[in-house]
Amino acid sequence: MKFAHKLFLAMTILLTLMFAVFGIWMLYSDFSMLLDKEIEQGDNDSRMFHFLFEMGYQSTEEFGEDYAVSRTVNSISHNVERDGSHMFVSKSDGTWFYGREYLASMGFEEEVEKLKDSLSAANTYGYCIRQVNGGYYMFTAAVKDIASSRIYLGMCRDLTVIYNDRDELVSRYRIALICLLAAGGICIFVMAHYITKPIRNLDKLAGKIADGAYELRSHNASQDEIGQLARNFNRMADRLVEQMQKKELEAKQKEDFTAAFAHELKTPLTSIIGYADMLNSLKLTDEECHEAYFYIYSQGKRLESLSHKLLELVSMDKTPMVFKPIPTKNLEQNIRTTLRPVWRQRGIKGKVDLEKAVLRGDDELLLSLLYNLLDNAVKALDKGERSFILMKGTCLKGLYEIKIVDNGRGIPKEEISRITEAFYMVDKSRSRKEGGAGIGMALCQKIIQLHNGKLDIDSRLGEGTVIKVVFPIEGDVHRKKGAAASK
């Protein structure tokens, strides 16, 4: 069953119960008030009957008991029965003075006898309401002790009219309730479908998105719960699409990685196989043999370097990281000692100046990061007196920035965003001549991420490149200490 139908059914049942309970309570409350008035009126009539009987009986008591009763009843009957009530008078021994014929004709004798039997010396008045022959009647009876006898003074009131009025009102209310429920049911049905329309639209939208229309979104801008649901649905859809695109990008990157890796393996393997076949099948001069050996050796070293870098790239996520304090001056000394001969050999003016601070991380990975960045800077330089490389470390507020500047060939702007992809090379021919495989920057990006750092690259063709790496540090305490030491 649809939600709109459930809502319609629930509201209809609730409305029916509310109107039925309220209507029945209202009708029977009014009827109970009318009935109480009739009972009160019957009680008053009975008291008046009893009073008139006493007055008349006392005035005729000297003529004998039975005569006095008969004379009194006949004299007051006109006054007692003027509003449609009927009285009856009988003796405890079964003698009837008035009203027996009426009671017998109406079939009231049994009810009257039961009422008389319920009276006693302690309970001299009683009444009952009975349904007899399709009508409703109220019977009252009072006991009067005279001389040696007990007299029953009773009255019968016809209450059929108020019961018929009640039944007629109930019937009318039933018809009114049916009409009201019919009209209300139509309104509830329309309202239920109107209220649930946004939910149905959201359901259709979910189906279309499931079928591939990922660009569709809900335009429900209401401030109620359904509007909030629509906004959360849009957020969920955006997140799912984002995750899908991320997965697609990862799959493409893995595919590109596999293709590039295969290509990188193919080139040195082709050279190795080719030169090995030449050594095996041809008679070569010593110089040619030396050249073949050199190519086999250099390509083998390239494969070895490639395998080490791939192993390092794959194992980073699997090896647990142990961060420890690393003084920047130790990094500076290590880099100067290692790269000074390389820069001297290539005629590069290099400078390393890391402001005193303490980083938290893995010293081997940080050294690998800085070596790779400086190695890329060296490869981007042409030999000449104007070539220079600068590595500058600066303490910022809660951060430590390492800047590497060179005046090399630069990187095209459209390719900057891709240089951290594995096997991606801006100048493939030059990179292979330099022994590169396009994995260095991917390693750098991975190391920076593991240390919660950020990488920023700014480069211009023919002018050079500026690479900034920023790591978080705990405050700028070390900078203040360094400033105090310099003073």
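This is a predicted model: local features need pLDDT of at least 70, side-chain atom pairs count only at pLDDT 80 or more; totals for chains, interfaces and linings use all residues.
**Helix packing**

Two packed helices are described by the angle between their axes and the distance between the axes. The table gives these values for two helix pairs.

| Helix pair | Angle between axes | Distance between axes |
|---|---|---|
| Helix 1 (residues 3-60) and helix 5 (residues 160-195) | about 160° | 9 Å |
| Helix 9 (residues 328-346) and helix 10 (residues 363-379) | about 20° | 11 Å |

Helix 1 and helix 5 pack at an angle of about 160°. Because angles over 145 degrees count as roughly antiparallel, helix 1 is roughly antiparallel to helix 5. The crossing of helix 1 over helix 5 is right-handed. Sorted by class, the residues of this contact comprise 22 nonpolar, seven polar and two charged.

Helix 9 and helix 10 pack at an angle of about 20°. Because angles under 35 degrees count as roughly parallel, helix 9 is roughly parallel to helix 10. Helix 9 likewise passes helix 10 in a right-handed crossing. On the side of helix 9, the contact is made by Leu 331, Asn 334, Ile 335, Thr 338, Leu 339, Trp 343 and Arg 346. These residues meet Leu 367, Leu 370, Tyr 371, Leu 374 and Val 378 of helix 10. By class, the contact of helix 9 with helix 10 has nine nonpolar residues, two polar residues and one charged residue.

**Aromatic contacts**

The structure contains nine aromatic pairs. One of them joins Tyr 102 and Phe 108 in an edge-to-face arrangement, with 6.0 Å from centre to centre and 70° between the planes.

A second pair, Tyr 136 with Tyr 163, is stacked, with a centre-to-centre distance of 3.8 Å and 10° between the planes. Tyr 136 belongs to strand 4 (residues 135-146) and Tyr 163 to helix 5, so this pair ties together parts that are 27 residues apart in sequence. Tyr 136 has a relative accessible area of 17% and is therefore buried, the limit being under 20%. Tyr 163 is also buried, with a relative accessible area of 8%.

Tyr 102 and Phe 108 also belong to one aromatic cluster, together with Tyr 137 and Phe 139.

Methods. Residues are numbered from 1 along each chain as its sequence is written. Side-chain values use heavy atoms; hydrogens and water are left out. Axes are lines fitted to C-alpha atoms, for helices over the stretch in contact, and angles run from 0 to 180 degrees between N-to-C directions. Helices (H or I, at least four residues) and strands (E, at least two) are DSSP runs, numbered from the N terminus. Angles under 35 degrees count as roughly parallel, over 145 as roughly antiparallel, 65 to 115 as roughly perpendicular and the rest as oblique. A crossing is left-handed if the near helix is turned anticlockwise from the far one by less than a right angle, and right-handed if clockwise. Ala, Val, Leu, Ile, Met, Phe, Trp, Tyr, Cys and Pro count as nonpolar, Asp, Glu, Lys and Arg as charged, and the others, Gly among them, as polar. Contact means heavy atoms within 4.5 Å. Rings of Phe, Tyr and Trp (its six-membered ring) pair if their centres lie within 6.5 Å; planes under 30 degrees apart count as stacked, over 60 as edge-to-face and the rest as tilted. Buried means under 20% relative accessible area, exposed over 50%, partly exposed in between (1.4 Å probe, protein chains only).
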